[in-house]
Amino acid sequence: MAVKFDAPTLIATKRDGHRLADDAIDWLIEAYTAAEIAEEQMAALLMAIFLRGMDAAETARWTAAMIASGERMDWRDLGRPTVDKHSTGGVGDKITLPLVAVVAACGAAVPQASGRGLGHTGGTLDKLESIAGFDPVLPTARLREQLATVGAAIFAAGALAPADAKLYALRDITATVESLPLIASSVMSKKLAEGAGALVLDVKVGSGAFMKSAAQARQLADMMVELGAAHEVPTRALLTDMNTPLGATAGNALEVAEALEVLAGGGPDDVVALTVALAAEMLALAGIGDRDPAATLADGTAMDAFVAMVAAQGGDLSVPLPVAACSETVTAARDGTMGEIDAMAVGMAAWRLGAGRSRPGERVQAGAGVRIHRRPNEPVRAGETLFTLYTDTPERFGPARDELDGGWRICDTPAAPRPLIIGATP
Ligand code: URA
């Protein structure tokens with residue numbers, strides 16, 4: 001490409017509140033992917049976008065340029081309908097693990113390109129890597145074979161939208177995550193490159209989500225559904241509550257263990273309800289809405305699909321999941337009812353304990369995290385354990401307790417429960 005752009009001019013264009021032209025966006029994404037734009041220049045541009053925004057046409061072009069930065073997969077000859085879901089990120093959000101297995105057990109195939117933790121939110125690949133031997137790197141031929149036979153694969157986005165992989169890591173360390181056009185283009189570039197025939201989005205709303213208000217979340221949902229439609233991929237979004245963590249655990253191996261409980265027909269009610277609701281949406285978009293997702297949890301076929309997926313990717317579920325070397329508890333000072341538990345406080349505590357990263361590429365601790373023993377509106381007795389904190393590095397307990405303190409309280413009476421599913425796009 002003849003170089004007619006330069007990074008400082010484009011940074012200034014956005015800094016001053018102007019639009020980026022289509023060919024300028026193409027150049028930015030291509031040059032950044034090829035390491036021809038310095039990280040500090042892209043960091044400055046991201047902050048300018050964060051502060052000034054991008055309009056619908058800029059966001060669509062940014063997304064298309066990120067898709068074009070890598071390969072785009074095509075599953076039309078697979079012999080099964082393909083469908084995927086993506087969550088915008090939450091605390092204790094282990095839904096992907098049972099969900100892909102439920103949908104596969106119902107007859108669709110789920111090619112799920114996943115990422116690692118971002119900020120205080122967990123990443124599916126970090127969770128799965130707590131299973132001994134699990135390999136998230138899947139060459140395309142093996143991925144195709146696994147989708148045709150098992151019906152589910154969770155793999156590192158790798159060659160899909162490599163521009164997003166670089167931008168995602170840079171946003172994580174430059175406080176530029178919570179931008180509507182940057183989140184929408186990040187999610188949709190990976191998901192459209194992955195080639196699924198339809199998409200369901202779980203747009204999280206609340207203290208533990210990147211979108212704090214329902215209005216913001218709806219705007220993000222609409223933006224992503226529009227990007228899906230522009231690429232002829234039927235896309236629907238649910239808006240779901242993320243003021244309180246999902247389930248009773250936040251942390252990699254802790255969440256895998258909870259997902260296995262759900263697949264065995266048990267597990268926390270909210271994790272089961274959201275898994276079944278998202279599966280129903282996915283099956284409807286895949287054209288097999290007559291299948292019953294809940295039945296696959298009760299009859300063991302979803303567990304069979306999960307075990308087969310993990311085994312196909314080298315994982316061994318007969319090896320016990322890692323347990324952190326040290327634990328500490330938080331106990332109740334009085335009788336009462338557990339009030340709201342703030343998802344951000346729990347997410348930050350899990351992150352401080354070692355479940356997430358503070359530098360790019362850092363290793364996460366598989367066993368680190370938080371177990372919630374009393375969930376909102378459950379009765380509490382003085383002296384009972386309310387939370388257990390886990391880490392391999394005990395100097396992390398102090399900072400984690402500081403995050404958790406103030407994120408929960410014991411009340412005298414139960415509060416009205418919050419609905420889990422707040423809304424949906426048409
Ligand atoms: N998930 C993504 O894939 N990208 C974001 O920017 C946020 C959540």
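This is a predicted model: local features need pLDDT of at least 70, side-chain atom pairs count only at pLDDT 80 or more; totals for chains, interfaces and linings use all residues.
Reader: Hi! Which domains does the chain get in the domain assignment?
Author: The assignment gives domain 1 (7-69), domain 2 (83-313) and domain 3 (326-411).

Reader: And what separates the centres of domain 2 and domain 3?
Author: Taken over C-alpha atoms, those centres are 24 Å apart. The contact involves 25 residues from domain 2 and 25 residues from domain 3.

Reader: Okay, on to the inside. Which residues touch the most other members of the largest nonpolar core?
Author: Those are V103, V370, F387 and W408, in a core of 67 residues. Helix α5 (residues 96-105) supplies the largest share, seven residues. Domain 2 (83-313) and domain 3 (326-411) each give this core at least three residues.

Reader: Which residues does the second, separate core include?
Author: That one has 36 residues, among them L147, V187, V203 and V205.

Reader: Changing topic: what is the order of the strands in the open sheet?
Author: The four strands go β6-β9-β11-β7, and the pairing is antiparallel. At the edges are β6 (249-250) and β7 (326-331), each of which pairs on one side only.

Reader: How many bridges join β7 to β11?
Author: Six, and the two strands run antiparallel. β11 covers residues 385-391. In this pairing, E328 stands opposite L389 in β11.

Reader: Which helix lies across β6, β9 and β11?
Author: Helix α15 (residues 343-355) does, and its direction is at about 135° to β9 (369-372).

Reader: Remind me what a disulfide is?
Author: A disulfide is a covalent bond between the sulfur atoms of two cysteines.

Reader: So is C106 buried or exposed?
Author: C106 counts as buried because its relative accessibility is 5%, and the cut-off for buried is under 20%.

Reader: What about C411, buried or exposed?
Author: C411 has a relative accessible area of 15%, so C411 is buried.

How values were computed
Residues are numbered from 1 along each chain as its sequence is written. Side-chain values use heavy atoms; hydrogens and water are left out. A nonpolar core is a set of buried Ala, Val, Leu, Ile, Met, Phe, Trp, Tyr and Cys residues joined through side-chain atoms within 4.5 Å. Buried means under 20% relative accessible area, exposed over 50%, partly exposed in between (1.4 Å probe, protein chains only). Domain bounds come from an automatic or database domain assignment. Two strands pair if DSSP finds at least two bridges between them. Contact means heavy atoms within 4.5 Å. Axes are lines fitted to C-alpha atoms, for helices over the stretch in contact, and angles run from 0 to 180 degrees between N-to-C directions.
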